[in-house]
Amino acid sequence: MITINENYLKLQDSYLFSTIAKKVEEFTKNNPDKKVIKLGIGDVTMPIAPAVIEAIHKAADEMMKKETFRGYGPEQGYDFLREKIVEHDYKKRGIQIEKDEIFVSDGAKCDTGNIGEIFGKDNKVAITDPVYPVYLDTNVMAGRTGEYDEKTDTYDGVIYMPATAQNNFVPELPNTKVDMIYLCLPNNPTGTVLTKQELTKWVKYAKENKAIILFDSAYEAFIQEDNVPHSIYEIEGAKEVAIEFRSFSKTAGFTGVRCAYTVVPKELRGYTKNGEEVSLNKLWNRRQCTKFNGVPYITQRAAEAVYSEEGQKQIKENINYYMENARIILEGLKEAGYEVFGGKNAPYIWLKVPNGYTSWGFFDYLLEKANVVGTPGVGFGPSGEGYFRLTAFGSRENTKEAIKRIKEI
Ligand code: MLT
């Protein structure tokens, strides 16, 4: 008899964005005449930069010729891309990262989900609340949590660190000892950030507790203000305690192309039950070599082109476009009387739902009355209840129209 991984039975019915998609599909079926504007899932709408497309064509042509054809590539990514990453994303910021600390992959969602494989099942997990659902769900799957408690909307054994308007979206350090800490900055879903000083406290905590910080900086390219770290390695000592996840998805419109990378510094150590030190870089390398055959050559050439002069210019134009959308949403909602957060260093706007509504209640109301789709805050965790997320990744036209409709209801 084949048995199953029963941890999966602890998961909630469906993944947040699938639930939303289903609801929207039903609404559209019942209201075929309504033009629904989707500002729910953070998916980009601007086409890929011309410099990147050019590189894709060139790489595709190479695949056509015997002399330049490529089969399996290195599981960790091609040197041409890893070198660009080291140079542009780290060296330019004064951070020393080596090529073999970079692991190119097909997405930060996979990496943040898969990374748990190299850690023991008994580790105590801490997540900020609200949080990108992948961190929690993958730990549930791995058996690192207890059962789900419907009353509190929490899993047993997980440390939830609220980040709400009350604490200005600065979560407090856990008051117990934890081992795996997930931080996402700029934050998805709240769109808020931490300063260098604030992030320094987390690095210190991780050092003192021999914990690891799993730092998702998929949205770093949207940072506009100084004193907001783009990388956790800007903090002294972070290379001893943090793994960093980066993605080309939002930075360069790769949500459909698929390319990301993870930095696992060689200084990083995990421990056996007997207290022996083990290199996490070695473990992750072993995992990738066994389970992953690398990102397609064509895709890596596309990612490389993001770092060219033209590529940089073109992706910045797109980022500015989205950040102008964010400004339009922020200002528009403020004028409409909403309390709003985020949106200054991130493409997400986090708003307080009007009194008397739950997050899902407001989702239904907005869909029904304004035909606008957002994401209910509670879908990201219990502290997200009473909040709602809108993304700035829509087209300008749709963004303006959505705000106009929200103002009118
Ligand atoms: C989101 O909407 O939170 C993101 O698009 C989801 C993702 O990046 O997987």
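**View 1. Helices H1 and H11 pack at an angle of about 35 degrees.** In this predicted model, helix H1 covers residues 16–30 and helix H11 covers residues 359–370, with their axes 11 Å apart. (Helices, H or I with at least four residues, and strands, E with at least two, are DSSP runs numbered from the N terminus; axes are lines fitted to C-alpha atoms, for helices over the stretch in contact, and angles run from 0 to 180 degrees between N-to-C directions.) The crossing of H1 and H11 is right-handed, the word for a near helix turned clockwise from the far one by less than a right angle. Who meets whom? From H1 come Leu16, Thr19, Ile20, Lys23, Val24 and Phe27, and from H11 come Trp360, Phe363, Asp364, Leu367 and Glu368, where contact means heavy atoms within 4.5 Å. Sorted by class, that's seven nonpolar, one polar and three charged residues.

View 2. (Ala, Val, Leu, Ile, Met, Phe, Trp, Tyr, Cys and Pro count as nonpolar, Asp, Glu, Lys and Arg as charged, and the others, Gly among them, as polar.)

**View 3. Gly42, Tyr132 and Lys250 each place an N or O atom by a ligand oxygen.** For Gly42 it's a backbone atom, 2.6 Å away. Tyr132 uses its side chain, at 2.5 Å, and so does Lys250, at 2.9 Å. Taken alone, the ligand exposes 270 Å², and the protein buries 85% of that (areas from the Shrake-Rupley method with a 1.4 Å probe).

**View 4. Two cis peptide bonds: Leu185 to Pro186 and Asn188 to Pro189.** Omega is near -10 degrees for the bond into Pro186 and near 20 degrees for the bond into Pro189. Pro186 sits in the loop between strand E7 (180–184) and helix H6 (196–209), and Pro189 lies in the loop between E7 and H6 too.

**View 5. Phe169 has a positive phi, near 65 degrees.** Look for Phe169 in the loop between strand E6 (159–162) and E7. Most residues other than glycine have a negative phi.

**Notes.** Residues are numbered from 1 along each chain as its sequence is written. In this predicted model, local features need pLDDT of at least 70, side-chain atom pairs count only at pLDDT 80 or more, and totals for chains, interfaces and linings use all residues, while side-chain values use heavy atoms, leaving out hydrogens and water.

Terms used: Polar contact = N/O pair within 3.5 Å; in protein donor to acceptor, adjacent residues only side chain to side chain.
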